[in-house]
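Subject: Structure for you to look at

Hello,

Please find the structure below. My notes on what was found in it follow.

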Amino acid sequence: MENILSILVFFPAVAGLLGFVVTKESIRAYGIAVTLVVFLLTLWLWFSFDMNNPGIQFVEMIPLIPDFGISYYLGADGISLFIIVMTALMTLIGMASMGETKNIKNMIISLLFLEMTMIGVFVALDAIIFYLFWELSLVPMLYIIGAWGGPLRVYASIKFFLYTFTGSLLMLVGMLFMAYIYHNLTGVWSFAVTDWYALVLPVDYQIWLFAAFFIGFAIKVPMFPFHTWIPYAHGQAPTIGSVILAAILLKMGTYGFVRFSLPLFPDASVMAITPIAVLSLIMVVYTAMIAYAQKDMKQVIAYSSVSHMGIIMLGLFAMNAEGLGGSIFQMLSHGIVSGALFMLVGMIYDRRHTKLLSEFGGLASVMPKFAIIFGVMLMASVGLPLTIGFVGEFLVLLGFYKVSPMITIIAGTSIILGAVYMLRVMKLAFFGPLNNEANQKLKDLNARETWSLVPLVAIVIWLGVYPKPVLEPINNSVNALLAFMDEKAITKEAKDMIHVSNSFESGRPTLSIAGGK
Amino acid sequence: MENLVYIALFAPFAGSLFASLFGMKEREIFVGVVASILIFISFLASALLAANLYMTGEVIHVRMMDWIAVGDFNVGFGFVVDHISVTMMSVVTLVSTVVHIYAIGYMDHDRSFNRFFSYLSAFVFSMMILVMSDNFLGLFIGWEGVGVCSWLLVGFWYHKEDKPKEENPSISPSWAANEAFIMNRIADLGMLIGIFILYWNTGSLRYDEVFAQLPYLSETVLAGAAIALFIGAMGKSAQFPLHTWLTDAMEGPTPVSALIHAATMVTAGVFLVVRSNPLYAMPEVSGVSMFIASLGTFVAFYAASMALVERDLKRIIAYSTLSQLGYMFAAAGLGAYWIALFHLAAHAFFKALLFLGGGNVMHAMNDELDLFKMGNLKKEMRATWLYMGFASIALAGLPPLAGFWSKDAIIETAFNEQTYILWFMLVVTAGMTAFYSFRQVFLSFHGEDRHTPLGFHPHEMYTFALVAMFPLAVLALITGWFMSAYKVFIYHIGESVQYEMSEHTHHLAIYLGLLVIFIVLASIAYAYMKYARTGDKAWKRDEAKEQGFFYKLLKNQYYVPKFYEEFITKPYSMISEKFWTGVDLKIVDATVDNIAKFFYTTGDKTRSMQTGNLSNYLNWMAVGGVILLAVAAVSAIFM
């Protein structure tokens, strides 16, 4: 299976097209079967992945427009591998747990197309192909929010679309300029990211290009102050929309930083550490506080998502293996945990048709299974050791401590503020007396709901206790990336920064850089 | 021997998993029995390990598996059984066994009986990780694990509703649980920072590797690590100003208070300082150590003062725990680490006994905790009276009971270090301790019968629960006799735990001890005169006195909880609300919408140009042409 990546991308799309001829009754089983196959294929990808090779594997390259250097160019490394696996997993589980019945056929087909675009983004190594999938992913999501959403769905979906679209246009300008520079320097056109990696750009070019890419990625992440589309999107989206959005779509932004910004613009990246750290801090603290003020359960999770993405952003710019590796691990962790939390909120919404915290209270006594799973996810979300949430958050903070102790201490308040808003939800919704009559006859999770959540609980604990199978390939690729950045950086400041953040206080350089590429 | 390590560690975990299988089912006594047996097995394993260590002096190190490895960071699940950890293991599993057995009786009417045991055993497992780990991050796993178990157990009766603070100072179990968790998290951040500092300066988190590097570290680094780790310790061990959660945690079932909030978890902070003794013993951080000792002494005094006026039985015991933790920190801060550890062990035994006695009283009084509604309970509850009286003597520190030896050694240390102010405060606190402990004993068990008129019909606890408490009573008696033997044992760990009194102190020790005993006896006698008598001289509630300034100050815990509410909780909610409605919606989001609106309205306005009329279009074209010419002219001039 040499072209496994192409299969991963196009199988869901072809299956989605065929879905139009499947009957309404069996479409659900059909969708689950397709996503299950995709998931199994991603597992196969994982097992046939060479863990010791930090480079890009499963490469496929077919020139499309040779005159402009545009080619169909796919590949995966230790960084994208697990995001791909998670994408397939969360699509599968999100679909399996879905309580939606209205227009189910269109929903399933949209999801299959969405899966194609998401996997496409994470495997694309040609900027144009990347951009194509990036933009295409907006369409099914626009439809999902706009057709199945709440009362404000049209406003929310258009805001989501226009906001992210505007950002990605700037990114496109950046890409075109990048290719233009490549052409000027080498005489040929190329949009292959790996070709671009070889370019050593002057610092002022780097800064402008970094800024262009930054806008595109930052809106997607979403970074403060570009985050305001997300409460609307989550507030109006159906459960499955929120699950996919939080678990995967947001990761496209942070993944973009790893794939483009860091290796292409090492000097600009180092210069951007402080501004990005400041924005990340605002994300961590400010949105955590806003999450605390929410009256709607789903909005708490939505804002908490932004807060956690702040930690991920911080880690990306720690310039050491601890921070960067932790950040990538945290992307997976956040995908699983926030996805599960949105599913849980959706399940209670299906029963009561409200998400207002004031409507609940004492649910633990009528829905014990629900409360337990919520509790586990809560603990993972606040970063309890031996859950998946701890590993990434800890590594990010550890890594960034080397860059700036002060910023790390402020970012570390995330472990306090996270507990504050999550425990408030737990107390208001699950604890206290069961006063509201509407809640007294609530049914606990049914088999479908339970079995879609149990795998996530298992993963949360498994990767919390034994993250090695995932961390190891990430570590290899991250070390290679850092060694590459170190080699490529042209300013002394950037080189020093990378050296300092990768060495112990005594000045002894760490193995990762010394023994790197 | 390695197997014993794993048995000691994982037997409680097995118990927890077993109990959780029945978590949602009806009460099953055997769940409690199995969990208790498994904890007992863990105790046996710990005792064997202790015996082995005593005989052979061989420290056992095991590495189970890798955990987190990225870059140069590599931490695994490793465990060490040395003199410090084996002390903690034995104490923890012993008290846990007693509390487990006791809880079978105490919780027998609770519908969530099985769930209770799954949490309680999970707590023991976390605590074992905490004390057995061979590195700081492993300790942190246990540290957070006990925090979660404490959260689950304090909030065990989650269905109770919030009450106003005047009615119930701890509002509700779920509120108290959240308070405990969040306040501990604040401290945990400090601990994490300490871990970061140690990692980036030593390249490791293993105790032995970190401690071996200490001499090469700068003063700032050492002080930073010492302070950060101590902030962590302050949270778990409820030192001022992070102390308010401990008294509120009394909302949990009493066996929980006995095990977690008296004997084991709250001593984790002391354990951390003792475990890191090579760090705290560095001359560069003597300032930090002195601060620890001073804070400990202050908390000892401060908590004891609040206990003087408290009416709630469990809260009094909670204050006494706080106060005793202060003693332990005083010893640790002054460099007498082994004395702190010894007091920790002795305290675990008699405090658990005291708490379980308090549990008997609660059980008898239908969960009533107000001492003013009790009186003369010894008539109905003789065994409990004996246990609690005995434990109170141990707590007050009278020979030959455990509390005397360990506490006296701490007071002596303060004298030996010539920190006479600390010494004086610790002596005064010893007197206060004696007074409030016996005030509580006399108000509940002696004096006039105040409970019968209120309709209470107390009954003694189940016999098996009383029998289960017996080992604690024995230990509360004899632990102190082994102090010098323990000293020989723990001295093997290294130079930094060794602490000897000077010749001068040695000569004066007997007089100092007698002085303390005299003060303690006088306090007990005063409490007796005031609260224990019957008839004409019986104690009467003095409402006027309760309005006095000092009484109110103490009763309201120096208004610290009030301060937190007014200056932290409320402003936090208010600012959060403002950030959301005032900033995020009105400024950040409105800006985005306005930009979009600007394009929309300009588009809408300029649409009027599209009249479809050719002459209009020609006019606009002319305007455009003029503008373009103007631009060209201007740029030609200036470029």
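**The nonpolar core**

The largest nonpolar core has 437 residues, and the members that touch the most others in it are B:Ala352, B:Leu353 and B:Ala476. Helix H15 of chain B, residues 337–364, supplies the largest share of this core, 19 residues. Please keep in mind that this is a predicted model.

**Chain B as a whole**

Chain B has 24 helices and two strands. Its C-alpha trace spans about 115 × 65 × 55 Å along the principal axes. Of the 639 residues in chain B, 55% are buried. If you take the contacts in chain B between residues at least 6 apart in sequence, 81% of them join residues at least 24 apart.

B:Ile490 lies in helix H20 of chain B, residues 483–490. Is B:Ile490 buried or exposed? B:Ile490 has 22 other C-beta atoms within 10 Å, and a residue counts as buried at 20 or more, so B:Ile490 is buried. Leaving out neighbours within four places in sequence, its contacts are B:His83, B:Trp338, B:Leu341 and B:Val497. B:Thr419 is 71 residues from B:Ile490 in sequence, and the two C-alpha atoms are 25 Å apart in space.

**Where chain B touches chain A**

The contact takes 50 residues from chain A and 42 residues from chain B. On the chain B side, four elements each supply at least two residues: strand S1 (60–70), helix H5 (136–154), helix H6 (173–202) and helix H23 (560–606). H6(B) gives the most to this side, with 14 residues. Sorted by class, the side of chain B that touches chain A has 24 nonpolar, eight polar and ten charged residues.

Two packed helices are described by the angle between their axes and the distance between the axes.

The next pair is helix H7 (residues 153–186) of chain A and H9(A), which pack at an angle of about 150° with their axes 7 Å apart. An angle over 145 degrees counts as roughly antiparallel, so that is the term for H7(A) and H9(A). The crossing of H7(A) and H9(A) is left-handed. On the H7(A) side the contact residues include A:Tyr163, A:Gly167, A:Leu170 and A:Phe177, and on the H9(A) side they include A:Tyr205, A:Leu209, A:Phe213 and A:Lys220. The residues of the contact of H7(A) with H9(A) divide into 13 nonpolar, five polar and one charged.

**Backbone points to check**

Most residues other than glycine have a negative phi, and most peptide bonds are trans.

- The peptide bond from A:Phe224 to A:Pro225 is cis, with omega near 0°. A:Pro225 is in the loop between helix H9 (203–220) and helix H10 (229–236) of chain A.
- The peptide bond from B:Phe240 to B:Pro241 is also cis, with omega near 0°. B:Pro241 is in the loop between helix H8 (219–236) and helix H9 (244–248) of chain B.
- A:His353 is not a glycine but has a positive phi of about 55°. A:His353 sits in the loop between H15 and helix H16 (363–366) of chain A, and with 9 other C-beta atoms within 10 Å it is exposed.
- B:Tyr559 has a positive phi, near 60°, and is likewise a residue other than glycine. B:Tyr559 sits in the loop between helix H22 (549–555) and H23 of chain B. B:Tyr559 is exposed, with 12 other C-beta atoms within 10 Å.

Regards

Terms used
Residues numbered from 1 in each chain as written. Chains lettered and ligands numbered in written order. Predicted model: local features only at pLDDT ≥ 70, side-chain atom pairs only at ≥ 80, totals over all residues. Contact = placed C-beta atoms within 7 Å. Nonpolar A, V, L, I, M, F, W, Y, C, P; charged D, E, K, R; others polar. Core = buried A, V, L, I, M, F, W, Y, C linked by C-beta atoms within 7 Å. Axes fitted to C-alpha atoms, helices over the stretch in contact; angles between N-to-C directions. Parallel < 35°, antiparallel > 145°, perpendicular 65-115°, else oblique. Left-handed = near helix turned anticlockwise from the far one by under 90°.
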